[in-house]
Amino acid sequence: SHHRAESFLKRESDAGQAAVRALLAGVRLSEVSRTLTLYARAHCGEDVQVRAGKGKAFSDGHHVYLPETVEKFGDERDFSVYRVLTAMGAGYLEFGTFDLDLANIAPPPGGWPDRREGETELERFFRAFSNKSLARELFQVLEDARVEAKIRLEYPGISRDLALVGPTMRGNRPTPEAPAARAVEALAREAWGLETLPVDENVAAALRPLRALLAKIDEVTVADVAGTVAVEFIRIENLMLKAQEGKAPRSQGSEKVRMPSDRGEPQESRFTPQELGARINPEAAGEAERRFEEQARRVQDEAEDRGEQVSLREAGERIRE
């Protein structure tokens, strides 16, 4: 009837809504969120939620955020992309990315900045660097490699998904000319097993300690990753300063790590993020999550006063219990 046809085209009926879903390419989060949430909770606990991330995939240290739609392949591989993104987001929680404790890491010259109220350790860590964008990308590449190595070892199914969708998702990489951006890209390609990006002697020398960590990435902790970035950041930054300002690079350890200034970061701080994987985004945590983390840190401190070594995640579980 005319009435039913009009209802169908306006998507007021179940049949009309189903037809639109069938016509749209890709996989929608609304259709698979329950499955992905159960997967994440199986490894991270009942409190973890899978939420819409406004087109992005990331974790704030408490939940996993995913894009509303994945339509990279137009077939079942789009669901594999969702599985990989969920595994990485949950992996940050499961394998301790957000358990970082700067008290256990040798500080850079000048020390760690004083902690602000409600600030996470990762936010405080990134704030210690003159170029937060560069420090974040170095940490992201190395920490993703560590978490991915753990995931591949623990979950063969996700390893197969990575082999299925990884080459396409991570292909067609940029070839930046600026030395610091080229260093980050070369490190990322090595972490993902992609075609090597040639670098000159200066970039190769700056990358050597980071590549050494990458060679044993399945054996290290988040503290090892953060500690290496804290020590080696200045080598990569010097590549940028030399290229942009024409100044001789500062000697390792001879200067304090510069705090961010109001004039903003250099142009080359715009680094290309990875194609496949979630992002580490502690700034996205809400007020409730930050209050809970403060409680967890107090429980952690009290446990350490009693001689117990308790991770931040374990402290949170004690609060819930």
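This is a guided tour of a predicted model, stop by stop.

**Before you start**

Residue numbers run from 1 along each chain as its sequence is written. In this predicted model, local features need pLDDT of at least 70 and side-chain atom pairs count only at pLDDT 80 or more, while totals for chains, interfaces and linings use all residues; side-chain values use heavy atoms, with hydrogens and water left out.

**Whole chain**

Colour by secondary structure. The chain has twelve helices and six strands. These are DSSP runs numbered from the N terminus: helices are H or I with at least four residues, strands are E with at least two. Of the 321 residues, 49% count as buried. Buried means under 20% relative accessible area, exposed means over 50%, and partly exposed lies in between (1.4 Å probe, protein chains only). Contact here means heavy atoms within 4.5 Å. Among contacts between residues at least 6 apart in sequence, 65% join residues at least 24 apart.

**Stop 1: the cores**

Select Leu-66, Phe-125, Leu-138, Phe-139 and Ile-236. They have the most contacts inside the largest nonpolar core, which has 77 residues. Such a core is a set of buried Ala, Val, Leu, Ile, Met, Phe, Trp, Tyr and Cys residues joined through side-chain atoms within 4.5 Å. Now centre on Phe-125. Leaving aside residues up to four places away in sequence, Phe-125 touches Leu-100, Leu-102, Trp-112, Phe-139, Ala-226, Val-229 and Ala-230. A second, separate core has five residues, including Ala-303, Val-310, Leu-312 and Ala-315.

**Stop 2: the sheet**

Show strands S2, S4, S3 and S6. In that order they form an open sheet of four strands with mixed pairing. Two strands pair if DSSP finds at least two bridges between them. S2 (50-52) and S6 (279-280) are the edge strands; each has a single partner, so one side of each is left without a neighbour in the sheet. S2 pairs with S4 (residues 64-66) in the parallel sense, over three bridges. Pick Arg-51: its bridge partner in S4 is Tyr-65.

Axes are lines fitted to C-alpha atoms, for helices over the stretch in contact, and angles run from 0 to 180 degrees between N-to-C directions. H4 lies across S3 (58-59), S4 and S6, running at about 155° to S4.

Stay here for one backbone detail. Select Lys-54, in the loop between S2 and S3. Its phi is near 55°, a positive value in a residue other than glycine. Most residues other than glycine have a negative phi. Lys-54 is exposed, with a relative accessible area of 76%.

**Stop 3: salt bridges**

The whole structure holds 22 salt bridges. Each is a side-chain nitrogen of Lys or Arg within 4 Å of a carboxyl oxygen of Asp or Glu.

Begin with Asp-75 and Arg-77, whose side chains meet at 2.8 Å, N to O. Asp-75 is partly exposed at 26% relative accessibility. Arg-77 is also partly exposed, with a relative accessible area of 26%.

Next, select Glu-294 and Arg-115. Their closest N and O atoms are 3.1 Å apart. Glu-294 is in helix H11 (residues 287-305) and Arg-115 in the loop between H4 and helix H5 (121-127), so this pair ties together parts 179 residues apart in sequence. With Arg-115 and Glu-294, they are linked in a network of salt bridges.

Move to Arg-211 and Glu-190, another salt bridge at 2.8 Å, N to O. Arg-211 lies in helix H9 (residues 201-215) and Glu-190 in helix H8 (residues 179-192), so parts 21 residues apart in sequence are tied together.

**Stop 4: helix packing**

Show H9 with helix H10 (residues 222-245). Their axes come within 10 Å and cross at roughly 170°. That makes H9 roughly antiparallel to H10. The labels work as follows: under 35 degrees is roughly parallel, over 145 roughly antiparallel, 65 to 115 roughly perpendicular, and the rest oblique. Residues of H9 that meet H10 include Val-203, Leu-207 and Leu-210; on the H10 side, Val-225, Ile-236 and Leu-239 are among them.

Finish with H8 against H10. The two pack at about 150°, with axes 7 Å apart. H8 is therefore also roughly antiparallel to H10. Here Pro-179, Ala-180 and Ala-183 of H8 meet Ile-236, Leu-239, Met-240 and Ala-243 of H10.
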